[in-house]
Amino acid sequence: MKTWYMIFAAACAVAMPAFADGDGEGEEPAAIRVTSEAVTFKLRTGSGTAAVSSADLATWPVTYRAGETVTLTSPAGASTTPVSGAAANGETALAGAFNADGVWRLANSSGGSALVGVAWGTFGSPWREASADASCRMHTEGEGPDRKLKKSEAPPVAYSGDDWKSDLTKASTITLTPPEGSGLEPTTWNKTGRGASAFTFNAKGVWTITLTFADNTTRTARIDIQASGFMIIVK
């Protein structure tokens, strides 16, 4: 049985009011009677990752509240909407939704999100390759490609001709556009295969980096280079 890895967060809160039998102070609270049908549910409150089978994940309910929209984004960036503007609280299962290897993102319109990692090799994507030993730097704080950092903190710019699907014959174009008003010209690289090249972000402000794959699809990142050092103002 395949094993998938899931990172998620869940929270719930229950508020219980207190009532009194009269209007006077110091009176004993009245008993609160609540009657409801039995309900079965799953709730995980621990942090970190959880390994679950594909069969278990397919039946795991995704809950939502009235008015919320739930979106599911594939590793390739394509989005579907399992729930749109829910009329009432409810839940839905995502059986068959995870049909590609990589990291999927599940989010609701209230700001909650969960990451589901489908192991490479589950749907045929290669999960190991031979390569020369190499060191690398990565900036992994935050979600998505956009970053805010100092010039000295910027790692090399990574590229791939086929969106990192392992075909090293594919070519790509990388365009690095400087901040507006900097007076600098855009820089363009033409690369084959995949790798990472150092680049000096020599102007503060927002740089736009566009990676164009061999099939003309693109990925865009906005890198906000902050001023380094400090300033002393004497009055």
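## Basis and overall make-up

Because the model is predicted, local features are taken at pLDDT of at least 70 and side-chain atom pairs at pLDDT 80 or more, whereas totals for chains, interfaces and linings use all residues. Residues are numbered from 1 along each chain as its sequence is written, and side-chain values use heavy atoms, with hydrogens and water left out.

The protein contains 1 helix and 15 strands, where helices (H or I, at least four residues) and strands (E, at least two) are DSSP runs numbered from the N terminus. Of its 235 residues, 23% count as buried, a term that stands for under 20% relative accessible area, with exposed meaning over 50% and partly exposed in between (1.4 Å probe, protein chains only). Among contacts (heavy atoms within 4.5 Å) with a separation of 6 or more, residues 24 or more positions apart account for 53%.

## Aromatic pairs

Rings of Phe, Tyr and Trp (its six-membered ring) are paired if their centres lie within 6.5 Å, with planes under 30 degrees apart counted as stacked, over 60 as edge-to-face and the rest as tilted. By this rule the count comes to 6 aromatic pairs. In one of them, the ring centres of Trp-189 and Phe-199 are 6.0 Å apart and the planes stand at 75°, so the pair is edge-to-face. Trp-189 belongs to strand S12 (residues 187-192) and Phe-199 to the loop between strand S13 (194-197) and strand S14 (205-212), so this pair ties together parts that are 10 residues apart in sequence.

Trp-189 counts as buried at 14% relative accessibility, and Phe-199 is buried with a relative accessible area of 17%. Phe-199 also forms an edge-to-face pair with Phe-201, at 5.0 Å centre to centre and 80° between the planes, and both of these Phe residues are buried. Trp-189, Phe-199, Phe-201 and Trp-207 form one aromatic cluster. Lys-191 lies over the face of Trp-189, at 5.3 Å from the ring centre; the criterion is that NZ of Lys or CZ of Arg is within 6 Å of the ring centre and within 35 degrees of the ring normal.

## Nonpolar cores

A nonpolar core is a set of buried Ala, Val, Leu, Ile, Met, Phe, Trp, Tyr and Cys residues joined through side-chain atoms within 4.5 Å. The largest has 17 residues, and those with the most contacts inside it are Val-157, Ile-174 and Phe-201. Strand S10 (157-160), strand S11 (171-177), S14 and strand S15 (218-226) each supply at least two residues of this core. A second, separate core of 15 residues includes Val-70, Ala-114, Val-116 and Val-118.

With residues up to four places away in sequence left out, the contacts of Val-157 include Ile-174, Leu-176, Trp-189, Phe-199, Phe-201 and Ile-209. In soluble globular proteins, nonpolar side chains tend to be buried together.

## Strand pairing

Two strands are taken as paired if DSSP finds at least two bridges between them. S11 and S14 run antiparallel and are joined by 5 bridges, and the bridge partner of Ile-174 in S14 is Leu-211. S14 also pairs with S15 in the antiparallel sense, over 8 bridges, with Arg-222 in S15 as the bridge partner of Thr-208. The hairpin of S14 and S15 has 5 residues between the strands, and in this hairpin Asn-216 takes a positive phi near 75°.

## Buried polar and charged residues

Ser-197, in strand S13, is buried with a relative accessible area of 14%. A polar contact (a pair of N or O atoms within 3.5 Å; within protein, one must be able to donate a hydrogen and the other to accept it, and residues adjacent in sequence count only if both atoms are side-chain atoms) of 3.2 Å joins the side chains of Ser-197 and Lys-191. Beyond four places in sequence, Ser-197 touches Pro-156, Val-157, Tyr-159, Trp-189 and Lys-191.

Asp-163 lies in the loop between S10 and S11 and is buried, with a relative accessible area of 17%. Its side chain makes a polar contact of 2.9 Å with the side chain of Arg-219. Arg-147, found in strand S9 (residues 147-150), is buried with a relative accessible area of 14%; Arg-147 and Asp-224 are 77 residues apart in sequence and 6.1 Å apart in space, C-alpha to C-alpha.
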